[in-house]
Amino acid sequence: MFSGEKNKFSLKKSVITMLALSSSVVFAGTMGSVCTPGDVTVPCKNSSWEFGVQALYLQPSYSIGSFLNIGHQISETSFASSNFNPNWGFGFKLDGAYHFSSGNDVDVNWYHYQQTTSLTLSAGSGGYIYDSFIGEEFATTILASIKPQWDAVNLELGQLVNLGDVRSVRFHGGLQYANIKTLTANKNLAINDISNVIDDFGGIVVFNSTNTMQFHGLGPRIGADLHYDWHYGFAFYANGAAALLVGSQKFSPAAVGKAISFDPFDPNGAIVLSPYSLNISGSTTVIVPELEAKVGATYSYTLAQGNLSIDAGWMWVNYFNGQQANSYVQNRPTDFSVQGPYIGLKWLGTI
């Protein structure tokens, strides 16, 4: 019996060994290589303040440009068109933040831009313009201007996450308040001689028109700031954010004109003053989506009381249907955008 039990034990041992080997082969074929991911951590607890200022050099633009286009007739058979777009101009950004706990922060920043662009067109000798409002052709001088203004205030709550030793991402959410305003003005001065009579009269016509488009709204905003540390204090970043604003969109075109006319066949005839005016205004509640992006680089220098960094890059901001281009005959929604370079200083330390 002892010999039989020994044989049974050997058989069981052989079966267990074969199963173990076969299991090892199966697992070795299915798992493949094992990779170890980098550490995802949050910074150690710390409290600090941050203040920054940036100089912006931006150009506004609109998704439709027809209301910024001035067409004029320079002769009986020749026409010209002048595109009237806002020029580049300077703005600023002010930024303040408090960092606390393990990578948390509260940040408030304010963007401001305002610039006036002017244009003067003269038809010259024998030149004319066709004024669709008056409906006649005049020898004329045109004085036009456009003044866009953009203000945006962001309140952000952020969390910094380290992705290894050189990469990090800051997730943030909060609110944005935006105020966008565009003022356009147009002044036509028309002088008509006897050979170009209007209703059998010559004279002087002055026509002034203005158009104010404004949106102000408030809504939630989210975003992420990606940061990559390089060497010797240099770093690169790419930031993105989106907001959904609810607010009021206002428009108020107005026109004022007067005609001083005389009878060319009666030099002693009385001068007739014919004023006219037109005012239209309205407002509506709208939802305006907003997208923004930045790419740039920083250089940081360690001081005794913190870090001082130089920041430079390029930014894009777009408000979809952020303005209502209202004319005397139709309303046309248009995007409002700003884009351009910036440079600034930022200080981070304890107080």
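This is a predicted model: local features need pLDDT of at least 70, side-chain atom pairs count only at pLDDT 80 or more; totals for chains, interfaces and linings use all residues.
Because Tyr57 belongs to strand β2 and Phe90 to strand β5 (residues 89–100), the pair ties together parts that are 33 residues apart in sequence. Phe90 has a relative accessible area of 61% and therefore counts as exposed.

A second pair is formed by Trp88 and Trp314, whose rings are edge-to-face, at 6.5 Å centre to centre and 75 degrees between the planes. Trp88 lies in the loop between β4 (79–83) and β5, and Trp314 in strand β16, so this pair ties together parts that are 226 residues apart in sequence. Trp88 is partly exposed, at 31% relative accessibility, and Trp314 is partly exposed as well, with a relative accessible area of 30%. The count of aromatic pairs comes to 11.

The chain as a whole comprises 1 helix and 17 strands. Of its 351 residues, 36% count as buried. Its accessible surface comes to about 20,200 Å², and carbon and sulfur atoms account for 63% of that area. Among contacts with a separation of 6 or more, 73% are between residues 24 or more positions apart.

The largest nonpolar core contains 24 residues, of which Leu58, Trp150, Met315, Tyr319 and Phe336 touch the most other members. Two or more residues each are given to this core by β2 (48–62), β6 (104–114), β10 (140–163), β11 (167–192), β13 (234–262), β15 (282–303), β16 (306–326) and β17 (331–349). The most is given by β10, with 4 residues. When residues up to four places away in sequence are not counted, Leu58 touches Asn87, Trp88, Gly89, Tyr113, Trp150, Met315, Val338, Gln339, Gly340 and Pro341.

Gln339, one of the residues touched by Leu58, is located in strand β17. Its relative accessibility of 23% places Gln339 in the partly exposed class, because the limit for a buried residue is under 20%. Apart from neighbours within four places in sequence, Gln339 is in contact with Tyr57, Leu58, Gln59, Trp88, Trp314, Met315 and Trp316. The side chains of Gln339 and Trp314 are joined by a polar contact of 3.1 Å. The C-alpha atoms of Gln339 and Val317 are separated by 6.3 Å, although these residues are 22 residues apart along the chain.

Asn318 is part of strand β16. With a relative accessibility of 16%, Asn318 counts as buried. The side chain of Asn318 makes a polar contact of 2.2 Å with the side chain of Ser337. Residues up to four places away in sequence being left out, Asn318 touches Pro289, Glu290, Leu291, Asp335, Phe336 and Ser337. Phe336 is also among the core residues that touch the most other members.

Methods:
Residues are numbered from 1 along each chain as its sequence is written. Side-chain values use heavy atoms; hydrogens and water are left out. A nonpolar core is a set of buried Ala, Val, Leu, Ile, Met, Phe, Trp, Tyr and Cys residues joined through side-chain atoms within 4.5 Å. Buried means under 20% relative accessible area, exposed over 50%, partly exposed in between (1.4 Å probe, protein chains only). Contact means heavy atoms within 4.5 Å. Accessible areas come from the Shrake-Rupley method with a 1.4 Å probe; for residues, only the protein chains shown count as cover. A polar contact is a pair of N or O atoms within 3.5 Å; within protein, one must be able to donate a hydrogen and the other to accept it, and residues adjacent in sequence count only if both atoms are side-chain atoms. Rings of Phe, Tyr and Trp (its six-membered ring) pair if their centres lie within 6.5 Å; planes under 30 degrees apart count as stacked, over 60 as edge-to-face and the rest as tilted.
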